[in-house]
Amino acid sequence: MQVASSESFEIQSSEDVVIVRQAVRRHAVALGFNLVDQTKIVTAASELARNTLLHGGGGSAAVETVRTGVAAGLKLTFVDEGPGIADIDLAMKDGYTSKGGMGLGLGGAKRLSNEFEIDSAPGKGTRVAIIRWKGL
Amino acid sequence: MPSSSKSRLPEILKSHETDLLQEWIESQKKSASRKISAADEKLLLSQSREFLSFLRQAAQTGVDVDIESPTWSAVRDFLVALAGSRAKGGFTSTETAVFILSLKEPLFNKLRTNIQDPAALAQEFWTATLALDRLGLFTMEAYQRTREEVISRQQKELLELSTPVVRLWENILALPLIGTLDSSRTQVVMQNLLEAIVSTRSDIAIIDITGVPTVDTLVAQHLLKTVAAARLMGADCIISGIRPQIAQTIIHLGVDLSAVTTKATMADAFQLALKRTGATITKAVAGK
Amino acid sequence: MERIPILSVSGFLLVSIQVDMHDRLALTLQDDLTEQIVARGPRGVLIDISALEMVDSFIGRMLSNIANMAKLLDAETVVVGMQPSVAITLVELGMPMRGIRTALDLEKGLAVLRSIAHSENQNDPHGEEDDAGSVL
């Protein structure tokens, strides 16, 4: 998988969440995603960026175009050095709330993406990556 | 790798152009699957002439058998355009490949009569054959790609034609689905329906599946998601035309349609929709 | 401090969300609306989201909260103008959007509010006679 253009962002405030959303929209439009797919990945980005802010104590996001063979896609990676998640399966369950509610964040982002990866442990921070392939 | 000795190809191509063109075009005409009109022949002549000139250019510094190299870029562009126009023009893939391959015989005849040294002749044959074969394959691939684009565009148009959204009445839309639904087609169709709901400001959309022979889990799920999305937007859907086999399949699949209004026929659905949107139908009294 | 304007029209409150809201702005809107409902005692609240290209779980929750709060203060809420791609994404996201009525546009939203008011006047407190609009 080659990585083409990429952009990164700091997430330290709720305005930053909007900035990330808008950047993801721009990249999705540039890649030629249809409107529904654009909306899906922008919404997933919003959920994950918010998690990074509210549960990770702030962090960063990377937006990259990825390619494999003929397929093109958008990969988003969210990283924070926060407390980390003790029980990932539990956190992925819809409606699960912990101090203010991660609610649908993780499960929702997973449902809205073609690929989803999470790496997190108490004291080790959290890293979530999602990919949406064009045309899938 | 370019050949180390200078190739005589460009010079032979130049001095024998008229003969080459004539023989080559005759050969192309012979393998054509249909009668060639005068206009077609004119086009063939200009395309062939152009190709020969590009070939001459590319062979100036020796025949490079790596056709992906920059020397061949003008030739490649020309062939992509040619393949594209043939693919769109309904030519067969053979006719397209033959454009290049039928040049080999006339060309080799000329090489044979103009090169005395057997070693040099063999070298020229070999490099020319390699290059032309590869260019032929390249042209085929370009043709394939264009055919695929044409087919996919035609499929899209067919899709749009076969699933029109019909305005039955003020505030009531109908979407009669015909034929087998696959997952991606269903998604597109459902999106169109939701857009139509917005643009016609319809409160109710009737999705009729009388013309759908089978429904699988994915399709059933898309239908349900569409109904849910329509509700989120402030409209509602009625699914009509569920035949007994489909009803059984849906139950077997464990899909829960209980939250969706269903009717056996579109007529029933229409009647319900009229009631829900506050319309009434009254019969005119006979004799008035 | 930026705020989303709330209009009072014929006894209804009307909010048209035209910006990509960050979370703090959304919370401010929630507070402002509650204040206005208490202050003006409207018959109903209309929230126009036709300009929103994305509704995530946070905004969805905000809309639910507004509807629930308004209900406690005896006002119905109708959310109007949801875009199809937003609706499709919300379904995929799995956002329940409970207690919110929706309508295609402002005109239909008003019709819904009026018919609810009407049926309440006719001693039909649960609005069972009214089929207008969708309740989620």
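The following paragraphs describe the predicted model chain by chain, from overall make-up to selected contacts.

The model is predicted, and local features are taken at pLDDT of at least 70, side-chain atom pairs only at pLDDT 80 or more, while totals for chains, interfaces and linings use all residues. Residues are numbered from 1 along each chain as its sequence is written, and chains are lettered from A and ligands numbered from 1 in the order in which they are written.

Along the sequence, the elements of chain A follow the pattern β-α-α-β-β-α-α-β-β. Of its 136 residues, 42% are buried; a residue is buried if 20 or more other C-beta atoms lie within 10 Å of its own, exposed if 12 or fewer, and partly exposed in between, with C-beta atoms placed from the backbone. Among the contacts in chain A with a separation of 6 or more, 64% involve residues 24 or more positions apart. Here two residues are in contact if their C-beta atoms, placed from the backbone, lie within 7 Å.

Chain B divides into domain 1 (9–155) and domain 2 (166–276), with bounds that come from an automatic or database domain assignment. The C-alpha centres of these two domains of chain B lie 54 Å apart. Five strands of chain B form an open sheet of mixed pairing, in the order S1-S2-S3-S4-S5; two strands pair if DSSP finds at least two bridges between them. Strand S1 (166–169) and strand S5 (261–263) of chain B are the edge strands, each pairing on one side only. From one strand to the next, the twist averages 30°. Within the sheet, strand S2 (residues 172–178) and strand S3 (residues 204–211) of chain B pair in the parallel sense over six bridges, and Pro176(B) has Asp208(B) as its bridge partner in S3(B).

Helix H9 (residues 217–233) of chain B lies across S3 and strand S4 (236–240) of chain B, and runs at about 150° to S4(B). For such angles, axes are lines fitted to C-alpha atoms, for helices over the stretch in contact, and angles run from 0 to 180 degrees between N-to-C directions. Helix H10 (residues 244–253) of chain B lies largely in the open, because the number buried among its ten residues is zero. Just after H10(B) comes Gly254(B), with a positive phi of about 75°.

The contact between chains B and C takes 15 residues from chain B and 17 residues from chain C. On the chain B side, helix H8 (183–200) and H9 are the elements that give two or more residues, and H9(B) supplies the largest share, six residues. That side of chain B has seven nonpolar, two polar and six charged residues. In this grouping, Ala, Val, Leu, Ile, Met, Phe, Trp, Tyr, Cys and Pro count as nonpolar, Asp, Glu, Lys and Arg as charged, and the others, Gly among them, as polar.

Chain C has four helices and six strands, which run β-β-α-β-α-β-α-β-α-β from the N terminus on. Of its 136 residues, 46% count as buried, and residues 24 or more positions apart account for 73% of the contacts in chain C with a separation of 6 or more. Strand S1 (residues 6–9) and strand S2 (residues 12–16) of chain C run antiparallel and are joined by four bridges; Leu7(C) has Leu14(C) as its bridge partner in S2(C). The two strands form a hairpin with two residues between them, and Ser10(C) in the turn has a positive phi of about 45°.

Further along chain C, the axes of helix H1 (residues 23–40) and helix H2 (residues 57–72) come within 10 Å and cross at roughly 10°. H1(C) and H2(C) are therefore roughly parallel to each other, on a scale where angles under 35 degrees count as roughly parallel, over 145 as roughly antiparallel, 65 to 115 as roughly perpendicular and the rest as oblique. Residues of the contact include Leu33(C) and Ile37(C) of H1(C) and Phe58(C) and Met62(C) of H2(C). By class, the contact of H1(C) with H2(C) has nine nonpolar residues, three polar and one charged.

His22(C) sits in the loop between S2 and H1 of chain C. His22(C) counts as buried because it has 20 C-beta neighbours inside 10 Å. The C-alpha atoms of His22(C) and Phe58(C), 36 residues apart along the chain, are separated by 9.8 Å. Leaving aside neighbours within four places in sequence, His22(C) is in contact with Ser14(A), Glu15(A), Val17(A) and Val18(A).
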